[in-house]
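Walk through this model with me, one contact at a time. Keep the sequence and the coordinates open side by side.

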Amino acid sequence: MAARFLLGLLRRDAITPPEVAKFFMEQTLSPQPTIRYTAQKAIIKILTFIKYRTYSSSREELWFDEWRNPLLEEVEITNPENFLLGFDESLDFTGGLYVDKIRTGFIAWTPTIKAYRAVEETSGIEMEPVSQPCLNIVRDAIMTLDYYAKLLLLWSQESGKSGGTIELRKENIVFIKSLVKVFAQDGLENLLKNIDAPLCDSDKFKQRASAEILSGVLRGSKHWPKALVDHLWAWTLPRLDKIFSQIKPDTVMFWESFFHYQLRDLDPRRNKPMIDWVLALPLEFKGDSAFAMSKSVSFFGILIDSLGIFFNTKAHKYTQILFDNANTDYAEMRAHICQNLFTLMRNQWRPTYPSFDAFLNACDTLEDPLHIRKAQLLDHILAIQTKLPQWREERLPPPRVSQSEYDKVGLTLLQWIWVSAHGAQACLIFPYIAPLMPEILRMSELNDNSDLQMYSTAVLYVLSAVSPPPEYVPAILGNFASAIQSSQSWRIRLHALPALVVFFYRNLLSISEEGAVQVMDVLLECLGDENVEVREMASKALSGVVRCSQRQSILPLKVCFPLSKHQLVTGSQRFTH
């Protein structure tokens, strides 16, 4: 309780007494997790406030969060495309500056973005003199030979919660990060020595504690001198191979978090050794162990997700690899392929313009200013589409039908479309789904593969739920109509009718009069289908379409249903006869 009160009394405009800092540093080794957690939060807060006061030149800057890192500079953006290409080059390309976060440029770029000057010998930043007694208390504690050993022992204790997966604890990572950002190499060798063996220990809790410490050190070394950073990477890289080989199903989650936390929101040139290590991992899709293969592909997925637009220059090569292995035998690997293809497609979608005025001008002059019709992966889809009819004829008989090329590739494509249809980038799927619709409708009738049938039906519904660009509406309606009218299978008609009606309702304002007539003709034809389930579905669909149709579209129905009082049979007459 006392620790929590003291934590709440810490202020950014008041110097922390050394006695308070000493109390909290002692409690970071408390055997009580709650007290230890509160003490760690307090040390983070103390060091953060010292940094704020050091960077602020006035009380106004301190209170209005207008302080400025001495290493911070503004980079002027004149040519966005060339600027993004520079992240594959040396640091000299950007004038010795690191650009960690790019929060602009999807549609238009701001005139300048934030960057940080690389530190060669020393950063030249000295913390405020009045806080030196407090900093000395913390420094003396972490320089103690057994401090990190005791801390690691406490963090390695087995959780009291039974079952479930274990994850990295962010509060521990931020605590180490705050220490190394301020004190750099002080106590570093002792810290690395203590986590060396536990990183590859068979005890998963020791692995997690060591991963938290190493993650905090790597993340906190952002503004270290170059020689010290090179030393840290020289120590870390040989151990990544050992760590990777020791990853098991119960530890894979927190090691994935370790890599994701280190790679995101940092200039890729800061993490070049780790990026090169991940790219050197073998991407196998047809091995004997699904888990062994999924580790490499999962780490690659973390890399492309964390780097975002910085990975676009390498995207084409890996897109080809993923499509070439769409026929993998393992469902887990197919899920990774779908997720990675989705991430690559999402990262590449950037209809960027030099300025907002340029974007407005593009809206007036271009047909596709947001580039939603720019299908960069269409060649891969069309190549697969041409092979699907042959693969369908070559399907294996049950129970090996799921091992057929048609089923494996089809399921991969369906899962990719399903994943891509959720989010802001959903509009990008229509150039790919339009040519595949006839095959997707055929897949919906394959009752010998439940996964393929389920995903094909789901894709049809999600297609109906997303509003397409207007020019795709007639093509999709035509695919629905031709599939229903020309198919010999009643199952295709049964699965296509609900999706057709939902698509009709969702895009009613974009459908031409000819399109509405086409839908009406399809439904009328299905009323005479031999299968009773198709007739029932068509009657329900027709009643809904009639309610939302214009009067001139309803009048021709009288010709189709020429009923008179002599042709009607009342209920009483039906029972009489």
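Is aspartate 230 buried, partly exposed or exposed? Aspartate 230 is partly exposed, at 39% relative accessibility. Here buried means under 20% relative accessible area, exposed means over 50%, and partly exposed lies in between, with a 1.4 Å probe and protein chains only.

Some ground rules come next. This is a predicted model, in which local features need pLDDT of at least 70 and side-chain atom pairs count only at pLDDT 80 or more, while totals for chains, interfaces and linings use all residues. Residues are numbered from 1 along each chain as its sequence is written, and side-chain values use heavy atoms, with hydrogens and water left out.

Stay with aspartate 230. Its salt-bridge partner is lysine 226, and the closest N and O atoms are 2.9 Å apart. A salt bridge is a side-chain nitrogen of Lys or Arg within 4 Å of a carboxyl oxygen of Asp or Glu. Lysine 226 is also partly exposed, with a relative accessible area of 44%. Helices (H or I, at least four residues) and strands (E, at least two) are DSSP runs, numbered from the N terminus.

Helix α11 (residues 226-246) also carries arginine 239. Arginine 239 forms a salt bridge with aspartate 196, with 2.9 Å between the closest N and O atoms. Aspartate 196 lies in helix α9, so this pair ties together parts that are 43 residues apart in sequence. Arginine 239 is buried, with a relative accessible area of 18%. Aspartate 196 is partly exposed, at 30%.

Now turn to the loop between α8 (170-183) and α9 (188-196), where aspartate 186 lies. Its side chain meets that of arginine 139 in a salt bridge, 3.0 Å from N to O. Arginine 139 belongs to helix α6 (residues 132-143), so the pair links parts that are 47 residues apart in sequence. Aspartate 186 is partly exposed, with a relative accessible area of 24%. Arginine 139 is partly exposed, with a relative accessible area of 24%. By the salt-bridge rule, the count comes to 26.

Proline 198 sits in the loop between α9 and α10 (204-220). Proline 198 is buried, at 13% relative accessibility. What does proline 198 contact, leaving aside its neighbours within four places in sequence? Leu152, Lys206, Gln207 and Ser210 are in contact with it. Contact means heavy atoms within 4.5 Å. Proline 198 and leucine 152 are 46 residues apart along the chain, and their C-alpha atoms are separated by 9.1 Å.

Next, the strands. Three of them form an open sheet in the order β1-β3-β2, with antiparallel pairing. β1 (72-76) and β2 (97-98) stand at the edges with a single partner strand each, so one side of each has no neighbour in the sheet. Two strands pair if DSSP finds at least two bridges between them. β1 and β3 (residues 112-117) pair over 5 bridges. Valine 75 stands opposite isoleucine 113 in β3.

Two helix pairs complete the tour. Two packed helices are described by the angle between their axes and the distance between the axes. Axes are lines fitted to C-alpha atoms, for helices over the stretch in contact, and angles run from 0 to 180 degrees between N-to-C directions.

Helix α19 (residues 405-420) packs with helix α21 (residues 450-465) at about 35°, with the axes 9 Å apart. Residues of α19 in the contact include Leu411, Leu414 and Trp418, and those of α21 include Leu452, Tyr455 and Val459. By class, this contact has 10 nonpolar, 3 polar and 2 charged residues. Ala, Val, Leu, Ile, Met, Phe, Trp, Tyr, Cys and Pro count as nonpolar, Asp, Glu, Lys and Arg as charged, and the others, Gly among them, as polar.

Helix α24 (residues 513-526) and helix α25 (residues 532-547) pack at an angle of about 145°, with their axes 8 Å apart. Met520, Leu523, Leu524 and Cys526 supply the α24 side. Among their α25 partners are Arg535, Ala538 and Leu542. The contact of α24 with α25 has 9 nonpolar, no polar and 1 charged residues.
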